[in-house]
Amino acid sequence: MFSRSCGGHTRTPAAVGLPGGSYPYFSVLCGFCYKNPYRWTRKLSSQDAALLGRGEPGRLAVDRRLGWNAVPSNNFTSHQEGEQVILEGVGQGHGIGLCQRGAKAMAEEGGTFQQILNHYFPNTALIPLNPG
């Protein structure tokens, strides 16, 4: 799995309310997004904001209703202002697995694809499908 911008740390499926799969995704620090987070602010109705308590499924429900950029990530804080809920967050997407912004920054700094994959997918190994 991958997302556009993790907000500083990648997430596990459980952290965003999704069931785990056969691969155990780990949360890793993403130095680029930690130092240069993509920041966003959104205003939602209390009714729409209530869906966000369900994690990623709730965020997607709000995005389906209001547009795919209504709530860019699950990494946010919220506060009530009158009839609206103000969300202030970082990142874009679910944040699980490889962070595209962080991977791009690692590549621009000379990181190899092996180093990038090892960073975002720890405890894994690259093996050829057709050895020889």
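User: Hi! Which residue forms a salt bridge with R59, with the closest N and O atoms 2.9 Å apart?

Analyst: A word on the model first: it is predicted, local features need pLDDT of at least 70, side-chain atom pairs count only at pLDDT 80 or more, and totals for chains, interfaces and linings use all residues. A salt bridge here is a side-chain nitrogen of Lys or Arg within 4 Å of a carboxyl oxygen of Asp or Glu. The partner of R59 at 2.9 Å is E56.

User: How many residues apart are R59 and E56 in helix 3?

Analyst: Helices are DSSP runs of H or I with at least four residues, strands are runs of E with at least two, and both are numbered from the N terminus. R59 and E56 are separated by about one helical turn, because their spacing in helix 3 is three residues.

User: Are R59 and D63 buried or exposed?

Analyst: The side chains of R59 and D63 also meet in a salt bridge, at 3.3 Å from N to O. About one helical turn lies between them, because they are four residues apart in helix 3. Buried means under 20% relative accessible area, exposed over 50%, and partly exposed in between, with a 1.4 Å probe and protein chains only. By that scale, R59 and D63 are both buried.

User: Which residues do the salt bridges with shared partners join into one network?

Analyst: R59 pairs with D63 at 3.3 Å, and R59 also pairs with E56 at 2.9 Å. Through these shared partners, the network consists of E56, R59 and D63.

User: How many residues apart in sequence are the parts that the R65 and D48 pair ties together?

Analyst: The closest N and O atoms of the R65 and D48 salt bridge are 3.0 Å apart. R65 belongs to helix 3 (residues 56-66) and D48 to helix 2 (residues 46-50), so the pair links parts whose separation in sequence is 17 residues.

User: How many salt bridges does the count come to?

Analyst: Among them are R65 with D48 and R59 with E56. The total by this rule is four.

User: Within what arc do the buried residues of helix 4 fall, seen down its axis?

Analyst: In helix 4 (residues 100-108), the buried residues are G102, A103 and A105. They line one face of the helix, because the arc that holds them, taken from the directions from the helix axis to the C-beta atoms, is 160°.

User: Which residues are exposed on the other side of helix 4?

Analyst: The buried residues pack against helix 1 (31-35), strand 5 (98-99) and helix 5 (113-120). The exposed residues on the other side are K104 and E108.

User: Which residues of strand 2 point to one face and are buried?

Analyst: Side chains alternate along strand 2 (residues 39-45).

User: Which residue is the bridge partner of S45 in strand 4?

Analyst: Two strands pair if DSSP finds at least two bridges between them. Strand 2 and strand 4 (residues 84-90) are antiparallel, with seven bridges. The partner of S45 is Q84.

User: What is the positive phi of G82, in the turn between strand 3 and strand 4?

Analyst: Strand 3 and strand 4 run antiparallel, joined by six bridges, and H79 stands opposite I86 in strand 4. The two strands form a hairpin with two residues between them, and the phi of G82 is about 65°.

User: Which residues does N69 touch, not counting those up to four places away in sequence?

Analyst: N69 lies in the loop between helix 3 and strand 3 (76-81), and it counts as partly exposed because its relative accessibility is 43%. Contact means heavy atoms within 4.5 Å. The residues touched are R42 and D63.

User: In what order do the elements of the protein chain run from the N terminus on?

Analyst: The chain has five helices and five strands. From the N terminus on, the order is β-α-β-α-α-β-β-β-α-α.

Note on methods
Residues are numbered from 1 along each chain as its sequence is written. Side-chain values use heavy atoms; hydrogens and water are left out.
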